[in-house]
Amino acid sequence: MSSGFGQLVIGPAGSGKSTYCYYMQEHGGLNRKTVKVCNLDPAAENFKYTCDIDVRDLISLEDVMEELEYGPNGGLIYCMEYLLENMDWLHDEICEFAEDSYIIFDCPGQIELYSHMTIMTQITNKIKSWGYNLCAVFCCDATISMSHSNNFISNSLVSLSTMMQIELPHLNVLTKCDLIEDKKGMERIMDSDPTQLISNDKEASKFNKKYHGLNSVIANVLEDFSLIRFVSLDVTDEESIERVMNEVDMLVQYKDYALPDDAAYNLQDEEG
Ligand SMILES: Nc1nc2c(ncn2[C@@H]2O[C@H](COP(=O)(O)OP(=O)(O)OP(=O)(O)O)[C@@H](O)[C@H]2O)c(=O)[nH]1
């Protein structure tokens with residue numbers, strides 16, 4: 001039986017999950033532990049990191065589509081259900097690592113796996129039952145999320161539903177920040193609450209008033225319940241990588257995780 005720490009790296013397709021895994025592997029985990037990376041995406045093609053475990057050794061989307069004539073989405077669900085039924089395979093692979101190993105799981109980008117299906121929750125619960133402390137890192141592409149309040153709200157809601165579904169300590173990482181020219185502007189947005197972001201939008205007067213009202217209400221809920229927080233990652237900046245890794249390391253050491261403290265407090269407060 002092996003045990004240790006792990007990050008589940010999730011987020012929409014192309015949000016920078018594999019790139020994040022590469023830099024985290026380069027950087028090293030908790031107390032500079034060697035980071036192993038496990039690819040859990042049966043449709044992955046290639047990645048820069050050293051892949052220590054590859055789900056495609058068990059099942060690949062390509063084979064499923066060819067042999068069972070599934071489409072890409074149905075095929076992916078089939079693959080993940082197959083993995084769930086064959087978790088002994090993953091356990092055997094992980095047991096090859098030393099005790100207290102640190103594993104980053106690079107997950108598929110199909111968001112339905114986390115937002116309303118339970119497959120990934122069951123997979124992570126199984127890994128936790130082997131003695132692994134896990135946290136979730138939700139990657140959001142900063143060039144999209146920070147470009148308009150629509151995108152910010154929509155990314156926040158997807159991240160939130162993922163957090164509720166996966167039930168792990170959760171960090172939102174804004175990836176691709178090296179591509180953002182106005183870094184100070186971005187930091188200002190991140191430091192302000194979501195309601196301010198929405199009000200800036202109104203000033204720019206590009207926004208449909210009807211949706212502005214709806215977004216304001218959602219932004220208020222996110223702010224009032226302290227539900228969403230983002231940290232920026234600029235892979236060209238060593239300090240930025242260090243900051244993200246430190247935040248993740250704090251989360252990955254949590255045991256018996258429930259809701260974030262503020263949210264739990266506020267919800268309790270609401271109930272009276
Ligand atoms: N400049 C820059 N490009 C990035 C960064 N992260 C990812 N990219 C680019 O964005 C594209 C997608 O990155 P990936 O890391 O493959 O994203 P992913 O989320 O793993 O993608 P899927 O596995 O297809 O869901 C690639 O072309 C990367 O080179 C970043 O921090 N900076």
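How many bridges join strand 2 to strand 4, and in which direction do the two strands run? Strand 2 (residues 35-39) and strand 4 (residues 101-106) are joined by five bridges and run parallel. The model discussed here is predicted.

## The sheet

Strands of a sheet pair through backbone hydrogen bonds, either parallel or antiparallel.

Within the pairing of strand 2 with strand 4, Val 35 stands opposite Tyr 102 of strand 4.

## Helices on the sheet

## Helix 2 against helix 3

Two packed helices are described by the angle between their axes and the distance between the axes. For helix 2 (residues 61-68) and helix 3 (residues 72-85), the angle is about 115° and the axes are 9 Å apart. The two helices are therefore roughly perpendicular to each other, and the crossing of helix 2 past helix 3 is right-handed.

On the helix 2 side, the contact is made by Leu 61, Val 64, Met 65 and Leu 68. These meet Pro 72, Gly 75, Leu 76, Tyr 78 and Cys 79 of helix 3. By class, this contact has eight nonpolar residues, one polar residue and no charged residues.

## Helix 3 against helix 6

Helix 3 also packs with helix 6 (residues 119-129): their axes come within 10 Å and cross at roughly 25°. That angle makes helix 3 roughly parallel to helix 6. Helix 3 passes helix 6 in a left-handed crossing.

Helix 3 contributes Met 80, Glu 81, Leu 83 and Leu 84 to the contact, and helix 6 contributes Ile 119, Gln 122 and Ile 123. Five of the residues in this contact are nonpolar, one is polar and one is charged.

## The ligand shell

Which residues are closest to the ligand? They are Gly 16, Lys 17, Ser 18, Thr 19 and Gly 109, out of 15 residues that surround the ligand. Helix 1 (residues 17-27) supplies the largest share of the shell, three residues.

By class, the shell around the ligand holds eight polar, four charged and three nonpolar residues.

Key. Residues are numbered from 1 along each chain as its sequence is written. This is a predicted model: local features need pLDDT of at least 70, side-chain atom pairs count only at pLDDT 80 or more; totals for chains, interfaces and linings use all residues. A residue is near a molecule or strand if its C-beta atom, placed from the backbone, lies within 6 Å of it. Helices (H or I, at least four residues) and strands (E, at least two) are DSSP runs, numbered from the N terminus. Ala, Val, Leu, Ile, Met, Phe, Trp, Tyr, Cys and Pro count as nonpolar, Asp, Glu, Lys and Arg as charged, and the others, Gly among them, as polar. Two strands pair if DSSP finds at least two bridges between them. Axes are lines fitted to C-alpha atoms, for helices over the stretch in contact, and angles run from 0 to 180 degrees between N-to-C directions. Angles under 35 degrees count as roughly parallel, over 145 as roughly antiparallel, 65 to 115 as roughly perpendicular and the rest as oblique. A crossing is left-handed if the near helix is turned anticlockwise from the far one by less than a right angle, and right-handed if clockwise. Two residues are in contact if their C-beta atoms, placed from the backbone, lie within 7 Å.
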